[in-house]
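Subject: Structure handover

Hello,

Here is the structure you asked for. My notes on pockets, packing and a few loop residues follow below it.

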Amino acid sequence: MELHIACIGGDGIGPEIIAEAKKVLAKVCEKYQHTIEYDDILMGGASIDVYGVPLTDETIQIAKSADAVLMGSIGGDTNTSPWYQLEPGLRPEAGLLKIRKELNLFANLRPAVLFPQLAGACPLKEEISNAGFDMLIMRELTGGLYFGERYTTVENGIAKAVDTLTYTEEEIRRIAIKAFEIARVRRKKVTSVDKANVLDSSRLWRKVVNEVAKDYPDVALEHMLVDNCAMQLVKDPAQFDVILTENMFGDILSDEASMVTGSIGMLASASMNDTKFGLYEPSHGSAPDIAGKNIANPIATILSAAMMLKYSFGMEEESKAIETAIHKVLSEGYRTADIMSQDKKKVSCSEMGTLVAERI
């Protein structure tokens, strides 16, 4: 099978970790007799440096013509980078918001899994980490506060800023359907997270989710307020299977979930539309402080590539081969700096990619 992938190295450590994902994908293709055609494209700060904007129309068209998009990371140091002297709509992250909207990537899948080999890196109590956990956060990605009307004004000499949180019932319904479909092939439980005791948008969210749940009688549904969910993630993460929530809540909760796994460097993500097309990227940022030092953890990006094979290309066996290879490398004691512990073997970013590829 030929895989046509648009590839965005991006900023900071992005090009380094993408190189390792490509290394692993090359080994997968060699073993399973596939071929890959890459279109390397620019987005974020790298695009600003060349084109003056974080995302060009031509880049969007190239991405649309591909079967999937694989991305490293976007952005830089917000305090020192000249990119952040620009207007907000011209900064690196504006490109990410735009490509999500242009490609209709409304469903963000963020698995948070505690690898048994990394239980010692989990910051939670030992009795919690020993139980392990495997959850998937389903975050709505193209609505809510991040895409609502916003403005800053001055009234009677006092500055006032306004951000608008808007959701339609159709936006809620389509992400809810995705969540229930995925829960159906996992452990058949959806936890819908909102703030229905305060927000009208959350009350509509809860109403629509209840309606969708009627079509999935085999999937258990519970509702949880976002503040309680934040607490439960550190108290008893094993209780969760699929967490369904809106854009801002999902952004915050998925970062919290990532850290209880031991390192955000282990967390992959997929952003999908209503077809098999998706954009795959690690959950972490561009880490400009370590860029170019060959010490970043490429595992999240490699796992994102595994998700790409599974969800966009239907390659279950190939995806599983990558996951198994990562488990082998970790079981053999190899660690990048972010997950390093006593008596383990410290390796670089490129060495970790090579180790995983060799075990495919």
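By class, 15 nonpolar, three polar and nine charged residues make up the lining of the largest pocket. Here Ala, Val, Leu, Ile, Met, Phe, Trp, Tyr, Cys and Pro count as nonpolar, Asp, Glu, Lys and Arg as charged, and the others, Gly among them, as polar.

Before the rest, the ground rules. This is a predicted model, in which local features need pLDDT of at least 70 and side-chain atom pairs count only at pLDDT 80 or more, while totals for chains, interfaces and linings use all residues. Residues are numbered from 1 along each chain as its sequence is written, and side-chain values use heavy atoms, with hydrogens and water left out.

Pockets

The space in the largest pocket is about 880 Å³. Its lining has 27 residues, and Pro111, Arg186, Lys310, Tyr311 and Glu323 are the closest to the centre. A pocket is an open set of points on a 1 Å grid over the protein atoms alone, with protein on both sides within 12 Å along at least five of seven lines; a cavity is a set where a 1.4 Å probe fits but cannot get out, and lining residues have an atom within 4 Å of a point. Points are joined across faces, edges and corners, and a volume is the space filled by probe spheres set on them.

At least two lining residues of the largest pocket come from each of β4 (107-113), β5 (134-140), α6 (169-184), β11 (268-272), α10 (299-311) and α11 (316-331). The largest share, five residues, is from α11. Helices (H or I, at least four residues) and strands (E, at least two) are DSSP runs, numbered from the N terminus.

The second largest pocket holds about 530 Å³ of space. Of the 29 residues that line this pocket, Glu93, Leu96, Arg100, Arg110 and Asp251 lie nearest its centre. Two or more lining residues are given by each of β3 (68-73), α4 (92-102), α9 (247-260) and β12 (278-282), and α4 gives the most, with four. By class, the lining of the second largest pocket has 11 nonpolar, nine polar and nine charged residues.

Cavity

How many cavities of 30 Å³ or more are there? The count comes to one, and the volume of the largest cavity is about 40 Å³. Leu165, Tyr167, Val193, Asp194, Ser201, Ser202, Trp205 and Glu246 line it. Both β8 (189-194) and α7 (200-213) supply at least two of the lining residues, with the largest share, three residues, from α7.

Cores and helix α3

The largest nonpolar core has 85 residues, of which Leu70, Leu109, Met138, Leu244, Ile322 and Ile326 touch the most other members. Helix α10 provides the largest share of this core, eight residues. A nonpolar core is a set of buried Ala, Val, Leu, Ile, Met, Phe, Trp, Tyr and Cys residues joined through side-chain atoms within 4.5 Å. Buried means under 20% relative accessible area, exposed over 50%, and partly exposed in between (1.4 Å probe, protein chains only).

Leaving out residues up to four places away in sequence, the contacts of Met138 include Leu109, Ile175, Ile182, Val242 and Leu244. Contact means heavy atoms within 4.5 Å. A second, separate core has 17 residues, among them Met43, Ile60, Ala63 and Leu105.

Which residues of helix α3 (residues 57-65) are buried? They are Thr59, Ile60 and Ala63. Seen down the axis of α3, the buried residues fall within an arc of 100 degrees, so they line one face of the helix; the arc is that of the directions from the helix axis to the C-beta atoms. These residues pack against β1 (2-10), β2 (35-41), β3 and α4. On the other side of α3, Asp57 and Glu58 are exposed.

Loop residues

Most residues other than glycine have a negative phi. Asn156, in the loop between β6 (150-155) and β7 (158-163), has a positive phi near 55 degrees and is exposed at 82% relative accessibility. Lys188, in the loop between α6 and β8, also has a positive phi, near 60 degrees, and is partly exposed at 35%.

Gln342 sits in the loop between β13 (334-335) and β14 (345-346) and is exposed, at 70% relative accessibility.

Regards
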